[in-house]
Amino acid sequence: EYAELKGVNYKELLTDGPYKELYRREMIALGEDRRSKDSGHYCRLACKAAPQGLVWIVTDTRRESDIMWFQDAYHPTVPILTIRVEAGLDVRSQRGWIWTDGVDNVTSECGLDGFTHDRVLNNDGTDIGRQVQEVVEWAGKG
């Protein structure tokens with residue numbers, strides 16, 4: 001949505017590179033404005049664009065209100081499983097992340113820090129593939 005409104009490169013905004021950082025604060029502000037008027041705005045857009053299937057994987061939810069929207073819209077008809085992928089600050093720094101005040105301490109980045117997820121995966125260099133396989137097996141039982 002932001003790329004279309006501003007005429008910037010959508011694919012570059014999906015990366016974690018410097019191009020995205022040029023627009024990040026403005027993207028956050030737009031997202032907060034949209035959510036203040038309609039907390040389900042982006043959830044509905046994601047569902048509209050998603051292919052229909054037995055399993056949806058919704059990535060990058062950043063707020064409890066996003067998760068609540070999916071639970072209200074689909075549960076109990078569809079089981080909702082929440083999975084958090086995290087890495088320590090030291091590992092993130094080694095990967096090039098630099099903490100930015102006004103970006104990394106706002107709801108879009110830390111809104112789910114206190115949320116209890118069904119599963120937490122550690123992306124610190126351990127075998128993430130094994131952890132994902134465990135989730136797939138676990139989800140198949142649910």
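**Packing of helices 4 and 5 and selected local features**

The crossing of helix 4 and helix 5 is right-handed, a crossing being right-handed if the near helix is turned clockwise from the far one by less than a right angle, and left-handed if anticlockwise. The model is predicted, so that local features need pLDDT of at least 70 and side-chain atom pairs count only at pLDDT 80 or more, whereas totals for chains, interfaces and linings use all residues. Residues are numbered from 1 along each chain as its sequence is written, and side-chain values use heavy atoms, with hydrogens and water left out.

Helix 4 spans residues 41-49 and helix 5 spans residues 64-74; helices (H or I, at least four residues) are DSSP runs numbered from the N terminus. Two packed helices are described by the angle between their axes and the distance between the axes. For helix 4 and helix 5 the angle is about 55° and the axes lie 9 Å apart, where axes are lines fitted to C-alpha atoms over the stretch in contact and angles run from 0 to 180 degrees between N-to-C directions. The two helices are therefore oblique to each other (angles under 35 degrees count as roughly parallel, over 145 as roughly antiparallel, 65 to 115 as roughly perpendicular and the rest as oblique). In this pairing, C43, R44 and C47 of helix 4 meet D66, W69, F70 and Y74 of helix 5, contact meaning heavy atoms within 4.5 Å. The residues of this contact comprise five nonpolar, no polar and two charged; Ala, Val, Leu, Ile, Met, Phe, Trp, Tyr, Cys and Pro count as nonpolar, Asp, Glu, Lys and Arg as charged, and the others, Gly among them, as polar.

The loop between helix 4 and helix 5 contains D60. Phi of D60 is near 70°, a positive value in a residue other than glycine. D60 is exposed, at a relative accessible area of 53% (buried means under 20%, exposed over 50%, partly exposed in between, with a 1.4 Å probe and protein chains only).

Zero disulfides were found in a search of the whole structure, a disulfide being a pair of cysteine sulfur atoms within 2.5 Å. For C47, the nearest cysteine sulfur is that of C43, 6.9 Å away. C47 is buried, with a relative accessible area of 10%. For C110, the nearest cysteine sulfur is also that of C43, at 18 Å, and C110 is partly exposed, with a relative accessible area of 27%.

Q131 is located in helix 8 (residues 128-141). This residue, Q131, is buried, its relative accessible area being 9%. Neighbours within four places in sequence aside, Q131 is in contact with V120, L121, N122 and T126.
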